[in-house]
Amino acid sequence: MILFPAVDILDGRAVRLLYGRRENVTDYGSPVETAVRWRDEGAKFLHVVDLNGAFGDGNSGAVIKEIVRETGLPVQVGGGVNSVDKAAYYLEEAGAERVILGSAIALDPDAADRICSRFYGKAVAGIDVKDGFVAVKGWVKNSSMTAVQAALAMKERGSDTVVYTDISRDGALTGVNVRATVELGEQTGMNIIASGGLSSTDDISALAKAGVYGAILGRAIYTGNVRLPEALALAEEA
């Protein structure tokens, strides 16, 4: 199982949000220094989110480019990736490994088509679920799509991977939703990266035993509930 330490960027700072709410923010300092720390502790892949891009009030492109350069790690980038130009910036200019399409899947399928066509295999589905439906626009609104519908739409475009977030657990350290994660994989045949609520090494063990492809480590590694080197060793062993 692959573990993806998360670096969420808001107004130039590394932050964690509770339940995705902008008003519930904890500041963890420099995003670049944070990313380098996770690399130095053994990370092999990073999950980076431009929260300003997700909220529609700016972008963190320059910071993300610096993260890629300073860490030398493959990086997947999400948050406001809704056009070919933005995807091209991250993949071609910044050097990211892949981009995550979220709101575009539900709100702008034509843009999703264009991105996936030009960058075939480089786009991952970012499916964030609230009250049973895919949330969009920085999680402030719900679409009419279910997780399975959104995932299959991306599968038709050539994507084989989903970052699945249970918003009700995000940042709360309440435990990851293993059942929903596994079910999404079974229903779509795609690689699922679990996100939201991971709080302990027990969560990592449960996901690994269930055969889940990957997991994102967020607040738990920032608070010290989970030590990244220990988590990586456990995932590798599993």
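Start with helix α3, residues 61–71, and colour its buried residues: Gly-61, Ile-64, Ile-67, Val-68 and Thr-71. Look down the axis of α3: these buried residues fall within an arc of 115°, so they line one face of the helix. In general, an α-helix has 3.6 residues a turn, so residues three or four places apart point the same way. Keep in mind throughout that this is a predicted model.

The face away from its buried side carries Ala-62 and Arg-69, both exposed.

Step off the end of α3 and select Gly-72, which follows the helix and has a positive phi, near 70°.

**Arg-16**

Next, select Arg-16 in strand β2, residues 13–18. Is Arg-16 buried or exposed? Its relative accessible area is 7%; since buried means under 20%, Arg-16 is buried. Which residue does its side chain meet in a salt bridge? The partner is Asp-8, at 3.1 Å from N to O, and Asp-8 is buried as well as Arg-16. The pair is also listed as a polar contact between side chains, again at 3.1 Å.

The residues in contact with Arg-16 are then Ala-6, Asp-8, Asn-24, Val-25, Thr-26, Tyr-28, Gly-218, Arg-219 and Tyr-222. Draw a C-alpha to C-alpha distance from Arg-16 to Gly-218: it reads 7.5 Å, although the two are 202 residues apart in sequence.

Centre the view on Ile-127. Not counting residues up to four places away in sequence, Ile-127 touches Val-134, Ala-147, Ala-150, Ala-151, Val-162, Val-163, Tyr-164 and Thr-165.

**Asp-166**

Go to strand β10, residues 161–166, and pick Asp-166. At 10% relative accessibility, Asp-166 counts as buried. Its side chain makes a polar contact of 2.9 Å with the side chain of Asn-177. Beyond neighbours within four places in sequence, Asp-166 is in contact with Val-129, Asn-177, Ser-195 and Gly-196.

**Other salt bridges**

How many salt bridges does a search of the whole structure find? The search finds 12. Besides Arg-16 with Asp-8, these stops are worth a selection:

| Select | What is there |
|---|---|
| Glu-41 and Arg-37 | side chains in a salt bridge, 3.2 Å from N to O |
| Asp-40 and Arg-39 | a salt bridge, closest N and O atoms 2.9 Å apart |
| Asp-11, Arg-22 and Asp-57 | a network of salt bridges |

Glu-41 is partly exposed at 27% relative accessible area, and Arg-37 is partly exposed at 41%. In the other pair, Asp-40 is exposed at 57%, whereas Arg-39 is partly exposed at 29%. End the tour on the network that links Asp-11, Arg-22 and Asp-57.

Conventions:
Residues numbered from 1 in each chain as written. Predicted model: local features only at pLDDT ≥ 70, side-chain atom pairs only at ≥ 80, totals over all residues. Heavy atoms only, no water. Buried < 20%, exposed > 50% of the residue type's maximum accessible area, 1.4 Å probe, protein only. Helix = DSSP H or I, 4+ residues; strand = E, 2+ residues; numbered from the N terminus. Arc of directions from axis to C-beta. Contact = heavy atoms within 4.5 Å. Polar contact = N/O pair within 3.5 Å; in protein donor to acceptor, adjacent residues only side chain to side chain. Salt bridge = Lys/Arg side-chain N within 4 Å of Asp/Glu carboxyl O.
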